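Let's take a friendly walk through this chain together.

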Amino acid sequence: NVSKKYRINREKYIVALENIHCTIQKGEFLTIIGPSGSGKSTFLSLMGLIDRATEGDIWIDNQNIIHFSDKQRTAIRAQKIGFVYQFPSLIPTLSVVENVTLPKIMQGNYESTDTKRAADLLEQVGLSDRLQHLPSELSGGEQRRVALIRAMITDPEILLADEPTGALDPQSAFHMMELFRSLNNQGKTIIIVTHDLGLTQFSSRTIKIEKGILV
């Protein structure tokens, strides 16, 4: 029963999501579809504890996190959730392997073995010869693969992705979705927001949001 409202002024507000009720099982591959402005990204940001719901409860591993402090929410994100954003947002002055290990450094738990693990993960997505390259030296598809591995470096149980294939050519988009399916086969819970109905073939379930309502 989750709702999200953005207040414009004392009397007016915008309803981004209204009375959403949804259960996502561990190990599920879920796609969330709907037109632009329907509330898909808001839904994802609430699940990822980036934003707070106006009403309702959100449970993760039998914990109702709705009243958790910012510090508690940050800890859950660090331990359980990885994000792949619509744009890769790689740091232009850092190499590929440095971009991948950045989350571990930011969390203060970087270990020397993390660089080796980053290199191993990058090899799995065909980027073993790009470790020391800068983002500007990569194609769009390669940058998105780096962003995916950056999200995986902390070994999260849940992976959230917002339009991960946007602006990619069909072949690169297919390859990216195959990577998500491979991660799902390894036991990761995958939740992807997309407007591309063709991507639903990769998931085990699809839900649709229209005008802030789960239809």
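This is a predicted model: local features need pLDDT of at least 70, side-chain atom pairs count only at pLDDT 80 or more; totals for chains, interfaces and linings use all residues.

Which residues does Glu163 touch, not counting residues up to four places away in sequence? Glu163 touches Lys40, Gln86, Arg144, Val193, Thr194 and His195, where contact means heavy atoms within 4.5 Å. This residue sits in the loop between β7 (158-162) and α6 (170-185). Glu163 counts as buried because its relative accessibility is 8%; buried means under 20% relative accessible area, exposed over 50%, and partly exposed in between, with a 1.4 Å probe and protein chains only.

Residues are numbered from 1 along each chain as its sequence is written, and side-chain values use heavy atoms, with hydrogens and water left out.

Now for the whole chain. Its secondary structure comes to six helices and ten strands; these are DSSP runs numbered from the N terminus, helices being H or I with at least four residues and strands E with at least two. For 215 residues a compact globule would have a radius of gyration near 17 Å, and the chain agrees with its 18 Å. That radius is taken over C-alpha atoms, and the globule rule is 2.2 Å times the number of residues to the power 0.38. Along the principal axes, the C-alpha trace spans about 55 × 40 × 35 Å. Of the 215 residues, 47% count as buried. Among contacts between residues at least 6 apart in sequence, 68% join residues at least 24 apart.

Next, the sheet. Six strands form an open sheet in the order β6-β7-β8-β3-β9-β10, with mixed pairing; two strands pair if DSSP finds at least two bridges between them. The edges belong to β6 (81-84) and β10 (213-214), each with a single partner strand, so one side of each has no neighbour in the sheet. Strand β9 (residues 205-210) runs antiparallel to β10 and is joined to it by two bridges. Ile209 stands opposite Leu214 in β10.

Finally, turn to helix α3 (residues 96-107), whose buried residues are Val96, Val97, Asn99, Val100, Thr101, Pro103 and Lys104. Their cover includes α4 (113-124) and α5 (140-152). Just after α3, Gly108 takes a positive phi of about 80°.
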